[in-house]
Amino acid sequence: MISFHYARASCVGEALQEVAGDANAKFIAGGTNLIDLMKMDVERPTKVIDITRLPLKRVERTPGGGLRIGALVRNTDLAYHPLVEQRYPVLADAIMAGASQQLRNMASTGGNLLQRTRCAYFYDIATPCNKREPGSGCSAIEGQNRMHAILGGSEACIATHPSDMCVALAMLDAKVHVGSASGDRVIAFADFHRLPGDTPQRDTHLNAGEIITAVELPPKGFATNYTYLKIRDRLSYAFALVSVAVGLELDGDTIKEGRFALGGVAHKPWRDPQAEAVLRGQPAHAATFARAAGVVLRDARGYAHNTFKIDLARRCIVRALTQAACGTPQSQSAKKIV
Amino acid sequence: MINTPVDTKDTEFPISRQPTHSELVARGVTLPIAAGLSSRAAAPPSIGSASPEVVSVSLTVNGTLHALMLDTRTTILDLLREHLDLTGTKKGCDQGQCGACTVLIDGRRVNSCLTFAVMYDGAQITTIEGLATKGTLHPLQQAFIDHDAFQCGYCTPGQICSAVGLISEGRAKTADDIRELMSGNLCRCGAYGNILAAIAQAMRRA
């Protein structure tokens, strides 16, 4: 790890002032990903700005009936917040499906959105990686790519976004509140993370000099018919091979509105309006779900070691939609899948 | 000798007697060398490191206030082991993947390897050395002995600190809950069955 200057900000304005014009400065909150990457020399900031004392730690109701989550609310505090447990259980479940309790005790809401990929080549500075070193090449496309993307990849990068929380936030149509010296803006969750294209070094549409201040949830939380189903190599504390967050609004057996987002399969949480349109107005049964899965996976592409994920994703989507329709969400504790 | 920047002996092989405060301060200044060595075990050497940045940090460990001068890169794990000679907290992966370094900061269990000490100025830290009171083992320490909940013992301090956090969180109701909420602590010996029994015993008596 290279040496760095430490600065502590006490308000958003101070944080923005500290970061202004310094391309080698990084904000730090939970530090669970940044410190790890700094130890590996993947991230080499010369200035680290501690934002943990910023007043962004509250979960508040919005006038419109939604919820505003401060960027520094820690993952466990969010998952265990009564309003989240009652109204957005899919978010609570997705958070609890990720990492370990120690890490969730540290990790912040804003930081969760900004996690870097867990692609082993990104972490290994001895290998080419376009995300770490633009133009050096992608080691995963011809290398070990079992964990990698089946949707939305490019010739430059097939890394996946590692977050579980973000998969639920994508399904819920969350919004990301961002502050900067030139003013605040709000980014729809679907537009926050980006696909790799030929600039995989950029994970998000957040610009230099901007800071996440909050994540806002709309009123609709799908608290009755939802699930977060995550398939991984061991039952806990592992990144997803495939995960699915589902929210359904049912009228009897008919789907009024159906949403699902996929994790572990792309450079961002994967939503597909065309696939969700297949659900609308249709009976909530396996044939409908399989059609929607076919649509979302229509352009899926496997590589040497991850082709299995296409069929796994198909089955997970059908299973997760079934769980949500039946009102039997996946338990994040007893891991039996029903 | 102790604060000669090129000499790594003291930081590599900590002296066994309790150091004085001024020695601690001096060793804080020399820490970059120790930190560099320990990170080299897991990662290639950093190239082009600028001169170390040293900051003052005060925090309370097991009830004792410590004022230290530290390289900004110092993790709480390295602070405990290299500066305070509290070697009960173990360095396993140093990447937040094994849980051996688990301590309680302001009552919450965290991976101390993924913390910069400077960020925790003013914090209260509890390590495995701080759990027993007046010669009486903490109920979890006793439960781990009662149930033979370890083989090599390397993960044990982290397992016990993590379980202290688990019980104070009050979320675990079933054996499945304990398994899930303890999944951040790996045991390469595979003593999980006995660890589960030990924690369940301590929970019943809590």
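When I say salt bridge today, I mean a side-chain nitrogen of Lys or Arg within 4 Å of a carboxyl oxygen of Asp or Glu. With that rule, the interface of chain A and chain B has 4 salt bridges. And before I go on: this is a predicted model, so please hear everything that follows as computed from that prediction.

Okay, let's stay at the A–B interface. Chain A puts 44 residues into the contact, and chain B puts in 45. The two chains bury about 3,700 Å² between them, with carbon and sulfur atoms giving 49% of that. On the chain A side, the residues that lose the most area to chain B are A:Ser3, A:Lys39 and A:Gln102, and together they make up 19% of what that side buries.

What about polar contacts across this interface? There are 24 residue pairs in polar contact, counting pairs with both residues at pLDDT 80 or more. If you want to find the chain A side on the screen, look for strand E1 at 5–8, helix H2 at 34–39, helix H3 at 75–79 and helix H6 at 101–106; each supplies at least two residues to it. H6 of chain A gives the largest share, 6 residues. By class, that side of chain A splits into 17 nonpolar, 14 polar and 13 charged residues.

A:Glu85 pairs with B:Arg171, with the closest N and O atoms 2.7 Å apart. On the chain A end, A:Glu85 sits in helix H4, residues 82–87, and on the chain B end, B:Arg171 sits in the loop between helix H5 (156–169) and helix H6 (175–181). Buried or exposed? A:Glu85 is partly exposed, at 35% relative accessible area, and B:Arg171 is partly exposed too, at 30%.

Now zoom out to salt bridges in general. Over all chains, the whole structure has 33. One of them joins A:Arg118 and A:Asp36, at 3.6 Å from N to O. A:Arg118 lies in the loop between helix H7 (109–113) and H8 of chain A, while A:Asp36 is in helix H2, so this pair ties together parts that are 82 residues apart in sequence. The accessibilities of the two ends: A:Asp36 counts as buried because its relative accessibility is 1%, whereas A:Arg118 counts as partly exposed at 28%.

Another one in chain A is A:Arg44 with A:Asp41, 3.5 Å from N to O. Here A:Asp41 is buried, with 5% relative accessibility, and A:Arg44 is partly exposed at 34%.

Still in chain A, have a look at A:Ser154, in the loop between helix H8 (120–123) and helix H9 (165–171). What does its side chain reach? A polar atom of that side chain is 2.7 Å from the backbone oxygen of A:Gly197, and a polar atom of the side chain is 3.1 Å from the backbone nitrogen of A:Ala156. Setting aside neighbours within four places in sequence, A:Ser154 is in contact with A:Ile141, A:Pro196 and A:Gly197. A:Ser154 counts as buried, since its relative accessibility is 14% and the cut-off for buried is under 20%.

On to chain B, which divides into domain 1, 9–129, and domain 2, 139–205. Between these domains, 15 residues of domain 1 are in contact with 17 of domain 2, and about 1,200 Å² is buried, 55% of it on carbon and sulfur atoms. How many salt bridges are there between the domains? The count is 1. B:Arg109 also forms a salt bridge with B:Glu169, at 2.8 Å between the closest N and O atoms.

B:Asp85 lies in the loop between helix H3 (76–83) and strand E3 (102–105), and B:Lys134 in the loop between strand E5 (124–126) and helix H4 (139–146). Where they part ways is accessibility: B:Asp85 counts as buried, at 16%, while B:Lys134 counts as exposed, at 88%.

That's my tour.

Key
Residues are numbered from 1 along each chain as its sequence is written. Chains are lettered from A and ligands numbered from 1 in the order in which they are written. This is a predicted model: local features need pLDDT of at least 70, side-chain atom pairs count only at pLDDT 80 or more; totals for chains, interfaces and linings use all residues. Side-chain values use heavy atoms; hydrogens and water are left out. Contact means heavy atoms within 4.5 Å. Buried area is the accessible area (1.4 Å probe) that two parts lose on being put together, summed over both. A polar contact is a pair of N or O atoms within 3.5 Å; within protein, one must be able to donate a hydrogen and the other to accept it, and residues adjacent in sequence count only if both atoms are side-chain atoms. Helices (H or I, at least four residues) and strands (E, at least two) are DSSP runs, numbered from the N terminus. Ala, Val, Leu, Ile, Met, Phe, Trp, Tyr, Cys and Pro count as nonpolar, Asp, Glu, Lys and Arg as charged, and the others, Gly among them, as polar. Buried means under 20% relative accessible area, exposed over 50%, partly exposed in between (1.4 Å probe, protein chains only). Domain bounds come from an automatic or database domain assignment.
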